[in-house]
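Work through each exercise yourself, then compare your steps with the solution.

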Amino acid sequence: SNPFEVKVNRQKFNILGRKTKNDVGLPGVSRSKAIKKRTQTLLKEYKEKDKANVFNDRRFGEYNTKISPEEKMMRRFTLERQQNYGKKSIYNLNEDEELTHYGQSLADIEKLNDIVDSDSDTEERGTLSAELTAAHFGGGGGLLRKKVSSGQEDEEKEKPKSRKELIEEMIAKSKLEKHERQTRRESALELTEKLDNDWKEIQTLIARKTPKSEKKDKEVEKPKPDEYDMIVRELGFEMKAKPSERMKTEEELAKEEQARLQKLEADRLRRMRGIDEQENKQKPSHVSADDLADGFILDKDDRLLLSYKDGKMNIEIEEGNIEDEEEGENDEEEEGKEEEDENEEESEEESANEDEEDDAADSHSDLQSDLESDEETAESKDQKKQKTSEKQSQSVEEQDPKKEVAKSELPYTFAVPESCETLKSLLAGRTIEEQLTILERIQKFNHPSLAVGNKAKLEKLFGFLLEYIGELATLDLPDLRTIDKLVLPLYNLCQMFPEAASDSMKFILRDAAHEMEEVLEVKGRAPFPGLDILIYLKITSLLFPTSDFWHPVVTPAFLYMSQLLRKCRITTLQDVIKGLFVCCLFLEYVSLSRRFVPELINFLLGILHISLPKKKAQGYTVVHPFTTAGKNLELLLVSDKKDLESWQKQKVPLSILTRLNETSTTENNHIRLSCLAMCFDLIKRCAVLYESLPSFHEIMYPVRILLTQHLPVKEYPEQMQEWYHSAVKEIESKVIPYIPLVCEKKKPVPLKQYTPKIVKVLEFGRKQAGSKKEQERRQLIQKHKRELKGAIREIRKDNQFLARMQLSETMERDAARKRKVKELLGSLATQEGEWKAMKRKKGKN
């Protein structure tokens, strides 16, 4: 070793993993010493881990250095003999007693000289039977030898049997056993039959037949069946469910409906024109007696079967013609009613002619009969013409009311109107039910699956129907009942074409919003829209979902309604009614989503404000469109006591908007009180809706102050007071006492700012100046880092050392196991070779 590479380490304290002062730093020596230390400390701890027992050597003189080893051995031997003397424990194997098993010595059994076969039934224990040895060791050779009987001499041996003889012997034995079993079975059956016959003979002697009279007396009434048993039996006879027909597709249903409507329309047109189906059917033409029927074609077998029943003749129709004649009878039933008279007359004439012909045949006057027949035919033709003309006049009189009924009926097929005017012409003058029927037939007859252009036509129909509803709403007397019924076809069309419906509704709302904005730019204030726009807003809530967070139709309608409550001025009683209607719509829109609408609360507060007399000190603030001063401040104030007393609870219909100018002052006062009662109800519903909001008491605080401090409740009627108290109770039960905002005493912690932190740049290599405490702190931090790194490094080395030890242990165990397996396989191979050699040797012998 190079002396210049030697490094001596000097340390004051012994620390795990560090070199001591005695350690000499030679290349590779430090690593070997570290491993040696780990084996003495870490490995020892690892081996003793999870072990509670510790081996302590307690032999005599183990820790005594003054006694020589020979003396220690002698003393130990004497102590051991003294401890074992007189001990008679059956479990101590060190004693000289001989242990036995079934009377045999265990030492002899372990030598395996004599194997005991416990399964054999032979008297000689410890010997194997010939069959067992032949089956396991001899390969069947011993079976070929015949057993030697005890009477014969041991030296005499018979010749071994062949394999064929052995198999024949086995077959004979099996047949013999089968025959014995069959004989035993037959004998058992014979014995049972004999026993049964004997029993029958004895039974006749034992049994005694009772007479019928005694049997009748002893008869007991049969118990009635239980209801449960009856139901079970009925269920057993019930028919099982049959498979139903498959569900038809939408296209198939539409085609069937179209075909049905076309057929009904064709029947209506036929009735309207006076055409009867029976006339189209071919009537049997008159056949003269001289007709030879040259063009006769036999379509069916008209032969009849003749039979007699009860001495009378009975004519039966052949089976093949029964169905045809039944159909003919059904077709001829209607014709027969009209032709009954003609047939009767013809039959009378024919019978008269037959009588005359008989007379003529007797007198042999052919010429006279011909003349008479010609005259009679002429007279019969004139009579027939008169009768047919009379019947035609009667049928025309009967068909006239049928035509009128057919004309008054609605057509069953309609084309889709191409404009709103055509739709109005279709629906004009019709009842509500007829209008719904027309719209339903238009949708069914022009289903989108029946033709290519039907979809575009029905999409336009939705817009035409909306325009028609708007015109109904703008009439002097708006037909709200018809509008209510027309919502159903609108809904069906919206379900079929949601995109087109949303586009048309958005177009209407967009126009209304633009119109309001233009009026606001010009005049600075805008009036409430007409009744048609309000109805469109109501229809929007019926056709589209209002609980969505965002919807292409509902969201613009929501914004438009909020602008109505915020920007439209309240100047007349009509504006109050329209504003309350919009408030009701808002609550309907928000009933599921519980979205907060500040314009709604502000408008209700303003309605309460305009129902109060003018006051200087109010204690609450009013927001636009309401003002604290102006002409319309006391719009809902009712000072007439007679009107207050005569008021009764009633609903305010929308149709009253068009005739408010024609009503009397008393009716106007009643409408004002009804609007105020509706305001109380809306406030109560808002309190229920917004009770879960954290700022509920702040939202309802001005409404609560106005209700409890400023309204003249005692002047209102009793029904109005009930509405008022219910609203106040609903608010006060939910409201938390109002707590004013107070500034905090402590200065709040400022938020963390994203300003850059300025650090002084120092020169590299120089120590930073500072106080003594700062320097000590820096030294401790540096020392801690160094120690932490050293500890982490040593822990990693310890883990690597333990991993190497565990790997070496597993490899040693595996090597030992492989070695033992090889030894066992080798011993088995040698045994197999010896056994094969022994077998060959026996075969040669």
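Predicted model: local features only at pLDDT ≥ 70, side-chain atom pairs only at ≥ 80, totals over all residues.

**Exercise 1.** Describe the protein as a whole, using its helices, strands and buried residues.

*Solution.* Start with the elements: there are 27 helices and 4 strands. Next, look at burial: of the 845 residues, 24% are buried. Finally, take the contacts between residues at least 6 apart in sequence: 66% of these join residues at least 24 apart.

**Exercise 2.** Find Leu465 and decide: is Leu465 buried or exposed?

*Solution.* First, locate Leu465 in helix H15, which covers residues 454-473. Then check its relative accessible area, which is 0%. Buried means under 20%, so Leu465 counts as buried. Now see what surrounds Leu465: beyond neighbours within four places in sequence, its contacts are Leu423, Leu439, Leu486, Pro489, Leu490 and Leu493.

**Exercise 3.** Which side chain of opposite charge is nearest to Arg672, and how far away is it?

*Solution.* Begin with helix H23, residues 665-689, where Arg672 sits. The nearest oppositely charged side chain belongs to Asp643, 7.4 Å away. A salt bridge needs the charged atoms within 4 Å, and Arg672 has none, although Arg672 is buried. To finish, list what Arg672 touches, not counting residues up to four places away in sequence: Leu573, Leu635, Leu636, Leu637 and Val638.

Methods. Residues numbered from 1 in each chain as written. Heavy atoms only, no water. Helix = DSSP H or I, 4+ residues; strand = E, 2+ residues; numbered from the N terminus. Buried < 20%, exposed > 50% of the residue type's maximum accessible area, 1.4 Å probe, protein only. Contact = heavy atoms within 4.5 Å. Lys, Arg positive; Asp, Glu negative; His and termini not counted.
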